[in-house]
Amino acid sequence: MTTMLNGCCVAKWSLSSCSTEATAGTATIASPAPAATKSCSMVPASSWTSTPPRTTTCSTGTHPQGVLDSTPATSTTQPREPNYKCEHTIMMQGSNYAMSNGGGGGGASSSTHLLDLLEEPIPGVGTYDDFHTIDWVREKCKDRERHRKINSKKKESAWEFTKSLYDAWSGWLVVTLTGLASGALAGVIDIAADWMNDLKEGVCLSAMWFNHEQCCWGSNETTFAERDKCPQWKTWAELILGQAEGPGSYIMNYFMFTFWALSFAFLAVSLVKVFAPYACGSGIPEIKTILSGFIIRGYLGKWTLMIKTITLVLAVASGLSLGKEGPLVHVACCCGNIFSYLFPKYSKNEAKKREVLSAASAAGVSVAFGAPIGGVLFSLEEVSYYFPLKTLWRSFFAALVAAFVLRSINPFGNSRLVLFYVEYHTPWYLFELFPFILLGVFGGLWGAFFIRANIAWCRRRKSTRFGKYPVLEVITVAAITAIVAFPNPYTRQNTSELIKELFTDCGPLESSQLCQYRSQMNGSQAYPQGSDAAATPGVYSAMWQLSLALIFKIIMTIFTFGLKVPSGLFIPSMAIGAIAGRIVGIAVEQLAYYHHDWFLFREWCEVGADCITPGLYAMVGAAACLGGVTRMTVSLVVIVFELTGGLEYIVPLMAAVMTSKWVGDAFGREGIYEAHIRLNGYPFLDAKEEFTHTTLAREVMRPRRSDPPLAVLTQDDMTLAELQAIISETSYNGFPVIVSKESQRLVGFALRRDITIAIENARRKQEGIMLNSRVYFTQHAPTLPADSPRPLKLRSILDMSPFTVTDHTPMEIVVDIFRKLGLRQCLVTHNGIVLGIITKKNILEHLEELKQHVEPLAPPWYYYKKRYPPSYGPDGKPRPRVHNVQLASSSSRYEEDESEEEVRLLVNSSL
């Protein structure tokens, strides 16, 4: 998009580069290309009175060092006042492009301004406060300036060349350290969680640090049917009462199971509440918000990492309906954040740090599921806001290193990286797509129901007194979970073990109750070679227990996710889907057995041969339910087939996941993480959400007509006392800088934090700075009386190129700019006059208002008319024009609004 400035064509936006707009008078100037640009000479805005002079000298030049040469063109229009003519030179320094007003030649002005901006940067300028949004454009340009500086010095000496190599390889070093730490912590968490989970049932006498499975590995006294029973493993009833069977032993085991569950839950919530409140929850909604540019100090700190690691083990061992996979992403991002402080390239640049966090989130999913490729796709699809190609490579490498470390630790004891390795002996058939799609429908319905129910409960928790007692809430939920879960063997066992059992295909080595089929050979109850046989009462009993477990998991997951303990959602959602899928799989299997002469089964199923695999249905159902909750697609399918090793069954997985997403989107496009982001009020602009409304920038900008005037600063006629009064009386994060109260022309934008730091730094290092000192943002100091105190120059903190849009810019373009460039704010102008400002918060509020009051789409002709009023009024006469601005008449309500706004623009009053 370009703007014609008196014959000089100037690019308005450049979304592919780090350039930003520079507004001077009516000119909006950017630098879209590094090779050839336009430089414009014009009368400075401070000398304009009523109309800007039609004087522009355009030239084309090159600027390899970031400075444009100003060579006059052959065709030049003489200015009305030649004595006031000066050059406007665009240059890049640090985090932005600056437009300087310098007298004399363009070369002198450029060199003077360059030295002024590079002399001793003010410490603290360019940093951000807590709960603020970073400026992506400034951070990226700052990094390019740093990289340019390193490249210019690397040929000066061997030391500078070594520093350049260290800078180039620092990205690979930090992701390597992050992968190593993530894999090591994940292995420790897996081993500790398994041991503490088995501690609720008993203890290994031969080695206290062995869990139940490890304790019986070396025993020679185990049987095929009771392979989990060995003399080395003692239940609590055997240790305390001396008996393994009977009502007394059952009650004692019941009591100890509940006691340990409550103890683990109480310890977890107490540690979180006292030492690290940020360690609660999944962490993925906050990670998504942080990666979008939001600052949450301490959320990725060392205390959060330490407490999250400990309490995650306790929360999983307590038996609550939660998983450790989501919090492992938070743990990995904490590792990435801590290691990034070892490298100045990332510690001093918030945008570069988020590249490390994107790679860390990939490493977190890699160690959570043993799925390196799925981790990279998860980071790309679900959590990352800015994902360049080099971040893709580093994410892949971090996931590789983390998976290698986890495989070396071997926490599962099966010499495999995957968590639920399956090996099915029969392929899937075409007619099975119908039950697979039904499982996808169930997953979508479950996801929509869970999101609405969980958000309603979390909102009630925030608005009632119940949320003020997190310890009591956790203890209550843990007690209900333990008491209800113990009688049912499918809810008593670890959720990961339950999923593994549901995924497993029945074979001669399986002793599960789900595999108790009647043998086709002799009709006796045995453990058959195949699973396509008549089910015994044991299988039907297991199905009833699974049905009760399904209801229990659905209810408890709704109330568990969001507690003040580390709680993931992946494993509980997969467990719900796996239970439903296994039930459907057994039903289809028995249907095929008893009705093998039906058309569907006759074509593919032979009598006495394996046809239906119930474990495959459990795997498909798990993927469908997880997709319905999170609305993931590509990354979820890859994670599931990496998790199970079932690459052959990728088509059923894709069909179920896509169906679950379509069904879930029919009830609401938000996934559970986006819903929690909106519930917590985080400033997150979702790139997946479409903006289809016809509002304009002037309808969203602040201030509104009923609000106080816009707080602005003038470039050279304010005192320090006036500046401090504006800062103390307002709470804005930044202020537009204008030429004067009379002109109202935009010069730049100054951040509140930078102004405060610059004033404190000037008082500490400069003498003669007083309350009546003149503050100026121009290149040269204004003319002052001889007895005036020393002026304070703040030009170095002025953003000379703030993003600006006109008041008639459609909001769909503004929202797109905010999303793609990660802006903090955008100024709204009309012919160079500042009207207002649009912040990220304003856009989020506007989107929320539109959700509450859906605006019907207007026809294109109405939209065009709204942006561009007709040239002739209803009386047939041309509309009056002032300053090339077309004024609307007041014959209708719409035209009255236009007229009032145009008149307000032309009145020289304070904005």
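Is Cys826 buried or exposed? In this predicted model, Cys826 has a relative accessibility of 2% and therefore counts as buried, since buried means under 20%.

A disulfide is a covalent bond between the sulfur atoms of two cysteines. The count here comes to one disulfide, and the partners are Cys204 and Cys215, with a distance of 2.1 Å from S to S. The link between Cys204 and Cys215 is right-handed, with 75° about the S-S bond. Cys204 belongs to strand E9 (residues 202–204) and Cys215 to helix H4 (residues 212–215), so the bond ties together parts that are eleven residues apart in sequence.

Strands of a sheet pair through backbone hydrogen bonds, either parallel or antiparallel. Three strands, in the order E12-E15-E16, form an open sheet with mixed pairing. Strand E12 (718–719) and strand E16 (792–793) stand at the edges; each has a single partner strand, so one side of each is left without a neighbour in the sheet. Strand E15 (residues 774–776) pairs with E16 in the parallel sense, over two bridges. Within this pairing, Val775 stands opposite Leu792 of E16.

A pair of aromatic rings is described by the distance of the centres and the angle of the planes. Across the whole structure, a search finds 27 aromatic pairs. One of them brings together Phe259 and Trp260: the ring centres are 5.5 Å apart and the planes stand at 65°, so this pair is edge-to-face. Phe259 counts as partly exposed, at 39% relative accessibility. Phe259 and Trp260 also take part in a cluster, in which ring pairs link them with Trp236, Phe255 and Phe264.

Rings meet charged side chains as well. The charged end of Arg394 sits over the ring of Trp172, at 5.5 Å from the ring centre. Elsewhere, Lys840 lies over the face of Tyr385, and the distance to the ring centre is 5.9 Å.

Key
Residues are numbered from 1 along each chain as its sequence is written. This is a predicted model: local features need pLDDT of at least 70, side-chain atom pairs count only at pLDDT 80 or more; totals for chains, interfaces and linings use all residues. Side-chain values use heavy atoms; hydrogens and water are left out. Two strands pair if DSSP finds at least two bridges between them. Helices (H or I, at least four residues) and strands (E, at least two) are DSSP runs, numbered from the N terminus. A disulfide is a pair of cysteine sulfur atoms within 2.5 Å. Buried means under 20% relative accessible area, exposed over 50%, partly exposed in between (1.4 Å probe, protein chains only). Rings of Phe, Tyr and Trp (its six-membered ring) pair if their centres lie within 6.5 Å; planes under 30 degrees apart count as stacked, over 60 as edge-to-face and the rest as tilted. A charge sits over a ring if NZ of Lys or CZ of Arg is within 6 Å of the ring centre and within 35 degrees of the ring normal.
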